[in-house]
Amino acid sequence: MITSGVFSKYPILGSTMRMLSEESGRQAVEAKIRVGDAILTVFSFHFKHTHQKEDAVQNLQAETLIKALPKERVIVLGDFNATPGMTP
């Protein structure tokens, strides 16, 4: 299931899909984008909707995404389907 995409006025050098959880089938798009001399890693995603309640699958999706993030030059965007005070 593809639930996200990345559009850019800058050149997209490549992209991959990262499974966030098998149970939900949700994936994140990871794209490498050249901006000037820099290459940015951009993640776009749509977490499972849980009707503003804590959910183990949604937490797993967040943890999986966090583990995939590079240490620098990264942009994370998407629909977190979360409210203030939710974990992680």
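Author: Strands β1 and β2 run antiparallel and are joined by seven bridges, and within this pairing G14 has K32 of β2 as its bridge partner. In this predicted model, β2, which spans residues 27-35, is in turn joined to β3 by seven bridges, again with the two strands antiparallel; here R34 stands opposite I39 of β3. The hairpin that β2 and β3 form has two residues between the strands, and in it G36 takes a positive phi near 65 degrees.

On to the next pairing: β3 and β4, the latter covering residues 74-79, run parallel and are joined by six bridges, with V74 of β4 as the bridge partner of T41. Taken together, the four strands make an open sheet in the order β1-β2-β3-β4, with mixed pairing. Because β1 (12-19) and β4 stand at the edges and each has a single partner strand, one side of each is left without a neighbour in the sheet. From one strand to the next, the twist averages 20 degrees.

Helix α1, made up of residues 56-68, lies across β1, β2, β3 and β4, and its direction is at about 170 degrees to that of β3. As for β3 itself, seven of the nine residues in this strand (residues 38-46) are buried, that is, under 20% relative accessible area, so β3 is largely enclosed by the rest of the structure.

Technical notes. Residues are numbered from 1 along each chain as its sequence is written. This is a predicted model: local features need pLDDT of at least 70, side-chain atom pairs count only at pLDDT 80 or more; totals for chains, interfaces and linings use all residues. Side-chain values use heavy atoms; hydrogens and water are left out. Buried means under 20% relative accessible area, exposed over 50%, partly exposed in between (1.4 Å probe, protein chains only). Two strands pair if DSSP finds at least two bridges between them. Axes are lines fitted to C-alpha atoms, for helices over the stretch in contact, and angles run from 0 to 180 degrees between N-to-C directions. Contact means heavy atoms within 4.5 Å.
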